[in-house]
Amino acid sequence: MTSGISRRARVLAAAVGTGVLVPLVAAATPAAAAPPAVTCTSAKAGLAAKLKKDITAALATRKGTVAVGLYDRSTNTTCTLRASSAYDSASVVKVTVLATLLWDAKKSNRYLTDRENTLAKAMITKSDNAATSTLWKQLGMTKIKNFLKAAGMTQTKPGANGYWGLTQITVTDEQKLLKLLTAKNAVLSDNSRAYIVKLMGQVVSSQRWGTPYGVPSGVSVAVKNGWLQRSTNGWRVHSVGAFKGGGHDYVMTVLSHGNSTMNYGIATIQAVAKVMHKDLAAS
């Protein structure tokens with residue numbers, strides 16, 4: 001009965017105590033780690049489960065690596081996916097640049113100059129890169145890092161050598177910034193917050209894709225998007241937004257890379273945004 005079975009196999013069978021011979025096979029390759037799951041919490045009954053299900057479904061067939069953040073003050077709802085994963089910022093860092101500029105001006109007890117206002121408006125509403133580079137250089141790394149520290153944005157690493165678009169950002173920190181823009185706090189003055197949100201509400205129509213997709217009528221929109229193609233991880237396509245109305249006050253971040261085209265990334269972000277707006281509106 002045991003002929004042809006190695007002594008090692010017989011020892012193993014005895015060791016497991018089953019009396020059944022266990023043929024030895026090469027160790028199986030570990031299965032790929034399951035992708036991280038969407039997590040949601042809410043004070044509103046049923047809302048967290050609905051959001052988790054719908055966000056998961058919206059991403060089920062999408063390629064690329066996507067990180068998601070949602071926070072609604074009205075229902076104390078939070079959803080996250082890959083909240084601490086780092087992404088090249090592309091142009092969403094421009095909101096941080098403007099926040100730093102205003103934070104620093106307040107510390108010096110001064111208003112922005114006409115030149116700074118012009119640069120800020122071009123940077124946010126048209127995503128003007130030259131204006132951003134000018135302000136980034138003017139501020140310098142020390143002030144930018146000091147703002148990030150004041151804002152509690154500990155996971156954000158400014159891009160070196162003037163490459164602001166390669167700043168490393170996370171959903172966690174982008175959500176922290178959006179929360180600062182949309183509620184009273186000790187970091188940004190009420191005037192500064194209103195100014196940033198106003199400019200994000202005036203973004204040119206061709207750049208109003210992403211998180212505003214599917215927003216209910218009567219809800220205000222403030223948005224800033226970013227897009228960047230590199231040799232590794234394809235297109236980075238990101239969108240951050242703040243929304244208020246219809247009984248809700250919420251902020252949303254969707255970051256992605258590994259997109260084959262910019263439009264593919266936009267479609268992924270919009271699939272997620274649509275269900276988040278829909279579920280909140282129905283709650």
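This is a predicted model: local features need pLDDT of at least 70, side-chain atom pairs count only at pLDDT 80 or more; totals for chains, interfaces and linings use all residues.
A disulfide is a pair of cysteine sulfur atoms within 2.5 Å.

**Entry 1: the disulfide**

I searched the whole structure for such pairs and found one disulfide. Which residues form it? Cys40 and Cys79 do, with their sulfur atoms 2.1 Å apart, and that value lies within the 2.5 Å cut-off. I then looked up the torsion about the S-S bond of Cys40 and Cys79, which is about 115°, so I recorded the disulfide as right-handed. Next I located the two partners: Cys40 lies in strand β1, residues 39-41, while Cys79 lies in strand β3, residues 77-81, so the pair ties together parts of the chain that are 39 residues apart in sequence.

Are the two cysteines buried or exposed? Cys40 has a relative accessible area of 16% and is buried, because buried means under 20%. Cys79 has a relative accessible area of 1% and is buried as well.

**Entry 2: the chain as a whole**

I stepped back to look at the chain, in which I could list eight helices and eight strands. Of its 283 residues, 47% count as buried. I also looked up how far along the sequence the contacts reach: among those between residues at least 6 apart, 64% join residues at least 24 apart.

**Entry 3: helices α2 and α8**

I turned to helix packing and began with α2, residues 47-59, and α8, residues 262-281, whose axes come within 9 Å and cross at roughly 160°. That angle makes α2 roughly antiparallel to α8, because angles over 145 degrees are given that name. The crossing of α2 past α8 is right-handed.

Which residues of α2 and α8 meet? From α2 I noted Leu47, Lys50, Leu51, Asp54, Ile55, Ala58 and Leu59, and across from them, in α8, Thr268, Ala271, Val272, Val275, Met276, Asp279 and Leu280. Sorted by class, the contact of α2 with α8 has ten nonpolar residues, one polar residue and three charged residues.

**Entry 4: helices α4 and α5**

For α4, residues 114-125, and α5, residues 129-150, I found an angle of about 130°, with the axes 8 Å apart. This makes α4 oblique to α5. I recorded the crossing of α4 past α5 as left-handed.

On the α4 side the residues in contact are Arg115, Glu116, Leu119, Ala120, Ala122 and Met123, and on the α5 side they are Ala131, Thr132, Thr134, Leu135 and Gln138. The classes in this contact of α4 with α5 come to six nonpolar, three polar and two charged residues.

**Entry 5: helices α6 and α7**

How are α6 and α7 oriented to each other? Helix α6, residues 171-182, packs against helix α7, residues 190-200, at an angle of about 110°, and their axes are 8 Å apart. They are therefore roughly perpendicular to each other, a name that covers angles of 65 to 115 degrees.

The contact is made by Leu178, Leu180, Leu181 and Thr182 of α6, together with Arg193, Ile196, Val197 and Met200 of α7. I divided the residues of this contact of α6 with α7 into six nonpolar, one polar and one charged.

I looked up Gly165, which is found in the loop between α5 and β5, and which counts as buried at 14% relative accessibility. Although Gly165 and Ser89 are 76 residues apart along the chain, their C-alpha atoms are separated by 5.4 Å. Leaving out residues up to four places away in sequence, I listed what Gly165 touches as Asp88, Ser89, Ala90 and Leu228.

I then checked backbone angles, keeping in mind that most residues other than glycine have a negative phi. Arg82 has a phi near 50°, a positive value in a residue that is not a glycine. I placed Arg82 in the loop between β3 and β4, and with a relative accessible area of 24% it is partly exposed.

Where does Asn233 lie? I found Asn233 in the loop between β6, residues 220-229, and β7, residues 235-245. Its phi is positive, about 60°, although Asn233 is not a glycine. At 42% relative accessibility, Asn233 counts as partly exposed.

Definitions and conventions. Residues are numbered from 1 along each chain as its sequence is written. Side-chain values use heavy atoms; hydrogens and water are left out. Axes are lines fitted to C-alpha atoms, for helices over the stretch in contact, and angles run from 0 to 180 degrees between N-to-C directions. Helices (H or I, at least four residues) and strands (E, at least two) are DSSP runs, numbered from the N terminus. Angles under 35 degrees count as roughly parallel, over 145 as roughly antiparallel, 65 to 115 as roughly perpendicular and the rest as oblique. A crossing is left-handed if the near helix is turned anticlockwise from the far one by less than a right angle, and right-handed if clockwise. Contact means heavy atoms within 4.5 Å. Ala, Val, Leu, Ile, Met, Phe, Trp, Tyr, Cys and Pro count as nonpolar, Asp, Glu, Lys and Arg as charged, and the others, Gly among them, as polar. Buried means under 20% relative accessible area, exposed over 50%, partly exposed in between (1.4 Å probe, protein chains only).
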